[in-house]
Amino acid sequence: MFFFMGSLFRLHGIDTIVHAAALLRDEHGIRWTLIGTGQEKKRIDTLVKELSLSQLHMREWVDYEELKSYIHAADICLGIFGTSGKASRVIPNKVFQIVSCGKAFITRDSPAIRELFQGDDEGVFLVDAGDPKCLAEKVMYLCRNKNSHQNEPFFSEKRQQISPAGVGRELRALLETLL
């Protein structure tokens with residue numbers, strides 16, 4: 001299962017996910033789950049219906065404990081795919097949640113994400129922003145190469161880096177250089 005969670009805002013590029021699912025509609029066994037709500041919900045619901053995407057399941061927001069079980073159940077989690085300047089400048093909270101759960105993910109390549117990941121990190125798969133074909137190709141690659149991302153706990157070092165203690169250590173080191 002390819003899993004997205006979050007607010008359905010243009011920033012997230014949900015239509016890129018939906019169009020990638022449409023490109024892969026005939027591929028057996030590829031399922032998509034999108035959890036969230038927001039200003040784009042009605043438009044995205046309409047798009048999913050127009051494209052007849054039976055392999056894509058949408059659900060309203062769930063509580064955080066249930067959300068964690070969805071993350072752990074996913075084969076691959078999905079980040080953001082928007083094309084705006086803001087989308088290139090943010091690392092969304094969902095990436096930190098996914099990393100904390102040790103799951104592999106696909107997200108748009110951007111200067112922001114490269115502040116935390118170099119692009120060749122194990123379990124991190126970067127695609128061009130707003131490009132459903134690129135996303136679909138990466139999904140197919142991952143489906144054909146399950147050993148590249150299945151059953152591995154990723155990001156133990158990154159989890160320590162983004163923990164409150166890790167952020168505190170980084171801030172302290174920065175402050176010490178300034179003093």
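Modeller: Let's start with a term we'll need: contact means heavy atoms within 4.5 Å. Bear in mind that this is a predicted model.

Colleague: Fine. What covers the buried residues of α5?

Modeller: The cover includes three strands, β1 (2-5), β4 (76-78) and β5 (105-108). Helices α3 (64-73), α6 (113-116) and α8 (156-162) are also part of it.

Colleague: And which residues of α5 are buried?

Modeller: In α5, which spans residues 93-101, they are K94, V95, I98, V99 and C101.

Colleague: How do you know that they line one face of the helix?

Modeller: Look down the axis of α5: the buried residues fall within an arc of 160°, so they line one face. As a general point, an α-helix has 3.6 residues a turn, so residues three or four places apart point the same way.

Colleague: What comes after α5?

Modeller: G102, with a positive phi near 75°. G102 sits in the loop between α5 and β5.

Colleague: Why is G102 called buried?

Modeller: Buried means under 20% relative accessible area. G102 has 5%, so it counts as buried.

Colleague: Why are α1 and α2 called roughly parallel?

Modeller: Angles under 35 degrees count as roughly parallel. Helix α1 (residues 14-23) and helix α2 (residues 41-50) pack at about 10°, with axes 10 Å apart, and are therefore roughly parallel to each other. By class, their contact has five nonpolar, one polar and two charged residues.

Colleague: Which residues meet there?

Modeller: I14, D15, V18 and H19 from α1 meet R43, I44, L47 and V48 from α2.

Colleague: Which residues have the most contacts inside the largest nonpolar core?

Modeller: W32, L56, L78 and I106, in a core of 32 residues. Among the elements that each supply at least two of its residues are α1, β2 and α2. Leaving aside neighbours within four places in sequence, L56 is in contact with V18, A21, W32, L34 and V48. A second, separate core of 22 residues includes M1, I35, V95 and V99.

Technical notes
Residues are numbered from 1 along each chain as its sequence is written. This is a predicted model: local features need pLDDT of at least 70, side-chain atom pairs count only at pLDDT 80 or more; totals for chains, interfaces and linings use all residues. Side-chain values use heavy atoms; hydrogens and water are left out. Buried means under 20% relative accessible area, exposed over 50%, partly exposed in between (1.4 Å probe, protein chains only). Helices (H or I, at least four residues) and strands (E, at least two) are DSSP runs, numbered from the N terminus. The arc is that of the directions from the helix axis to the C-beta atoms. Axes are lines fitted to C-alpha atoms, for helices over the stretch in contact, and angles run from 0 to 180 degrees between N-to-C directions. Angles under 35 degrees count as roughly parallel, over 145 as roughly antiparallel, 65 to 115 as roughly perpendicular and the rest as oblique. Ala, Val, Leu, Ile, Met, Phe, Trp, Tyr, Cys and Pro count as nonpolar, Asp, Glu, Lys and Arg as charged, and the others, Gly among them, as polar. A nonpolar core is a set of buried Ala, Val, Leu, Ile, Met, Phe, Trp, Tyr and Cys residues joined through side-chain atoms within 4.5 Å.
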